[in-house]
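Please look over the structure first.

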Amino acid sequence: MISEGVGSTLVIRTACIISTAIDLLGGVSWDSGNAWLGVMFEDRGSFLRNERSYLMEDLTQFGSNDYRVDGRGNFRAGPLPYIIADGIAYGVLKQAALSRPQAMSLHSQVSTRSPIEATSWTTDRSASAWLSLRLRQELGEASSLTFTSIYSKRETEYANENLTWHLFTVDSTSSYYIDGLTATAGDSYDMGYSLYYNNQGVGAVAVDVTNRPVEKVLNSYLDFSYDINDDWQMLAGISYGDNEGCGRCGRRPNAGVLDAGVADSALDPYNYSDIFNPYVTGPQAEFFNLAYSTSDQENWFHMARYSFAV
């Protein structure tokens with residue numbers, strides 16, 4: 001027989017001020033069975049990378065490199081777009097069009113900023129709960145019934161404005177193409193553009209690229225055992241599982257729309273050159289509403305299993 005008793009444990013953990021966890025475990029026993037219950041809650045904060053200078057992309061102050069520039073010499077655009085033609089950077093004026101002389105006069109005058117400053121360094125686990133229950137009851141001297149259930153829910157948050165930086169190609173068929181910037185006539189060139197910096201202030205589109213995954217998991221088991229004799233035992237069980245979550249839900253930049261934004265409407269019906277001008281700074285609401293499309297990645301998993309063995 002199992003002796004009677006009651007026991008419990010409470011643990012509170014804190015670390016680095018931004019993380020708090022509470023664990024509670026308690027149990028009880030009686031002559032023919034026992035039970036215990038466990039509860040855990042965690043709240044872990046985060047911070048943006050611009051709160052720590054050594055986490056930024058520009059590490060020149062520490063004797064390292066400026067990682068706002070990639071291996072091809074492309075910068076992460078700031079509020080003003082820029083042009084990269086034959087590896088040469090040209091700035092862009094705050095106007096609807098740009099001529100070759102104007103572009104040439106803006107050689108190397110590029111607005112470079114890092115959207116990564118609005119990116120979380122670690123995931124902010126806003127809520128994480130875990131609950132477990134186990135109950136065992138003897139049904140006479142030869143049989144027993146055991147129930148086990150585990151439930152967890154996790155909500156996290158990760159800011160990533162860096163998603164909104166884009167590099168698209170302008171070819172000679174585009175109405176925004178500037179002839180003479182490339183050594184070979186008609187060659188295409190790249191433009192760097194930041195939806196993040198150009199979606200601020202009056203006319204900005206209500207969009208949030210922060211990722212907020214949610215996951216809920218429930219697993220339950222009911223097990224029955226019966227001792228037939230000293231050599232044989234019968235086992236029967238039922239298992240049930242339910243898992244639902246959203247790994248990435250919300251609006252995200254659509255690269256297909258961004259790449260089509262500078263296409264010539266006379267040549268390509270699937271373009272947005274009539275509602276997007278890459279030389280204009282500030283929100284272009286009609287285009288931005290298309291460029292920020294909904295992108296959900298949800299999952300469901302349900303399982304029921306029955307078992308019997310001798």
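## Aromatic pairs

Searching the whole structure turns up 10 aromatic pairs. The pair of Tyr 177 and Tyr 189 is stacked, because the ring centres are 5.3 Å apart and the planes stand at 25°; the cut-off for stacked is under 30 degrees. Tyr 177 sits in the loop between β8 (165–170) and β9 (189–194), and Tyr 189 in strand β9, so the pair ties together parts 12 residues apart in sequence. Both Tyr 177 and Tyr 189 are buried. The model is predicted.

Ring pairs also build a cluster. Phe 168, Tyr 193, Tyr 272, Phe 276, Phe 287, Phe 288 and Tyr 292 are linked in this way.

## Strands β2 and β3

Strands β2 and β3 run antiparallel, joined by 12 bridges. A hairpin connects β2 to β3 through 2 residues. Ser 19 has Arg 44 in β3 as its bridge partner.

| Strand | Residues |
|---|---|
| β2 | residues 19–30 |
| β3 | residues 33–44 |

## Leu 98

Where does Leu 98 lie? Leu 98 is in the loop between β5 (88–91) and α1 (100–105). Is Leu 98 buried or exposed? Leu 98 counts as buried, because its relative accessibility is 10% and buried means under 20%.

Leaving aside neighbours within four places in sequence, Leu 98 contacts Ile 83, Gly 91, Val 92, Leu 93, Ala 103, Ile 178 and Tyr 279. Leu 98 and Ile 178 are 80 residues apart in sequence. In space, C-alpha to C-alpha, Leu 98 and Ile 178 are 7.5 Å apart.

Key: Residues are numbered from 1 along each chain as its sequence is written. This is a predicted model: local features need pLDDT of at least 70, side-chain atom pairs count only at pLDDT 80 or more; totals for chains, interfaces and linings use all residues. Side-chain values use heavy atoms; hydrogens and water are left out. Rings of Phe, Tyr and Trp (its six-membered ring) pair if their centres lie within 6.5 Å; planes under 30 degrees apart count as stacked, over 60 as edge-to-face and the rest as tilted. Helices (H or I, at least four residues) and strands (E, at least two) are DSSP runs, numbered from the N terminus. Buried means under 20% relative accessible area, exposed over 50%, partly exposed in between (1.4 Å probe, protein chains only). Two strands pair if DSSP finds at least two bridges between them. Contact means heavy atoms within 4.5 Å.
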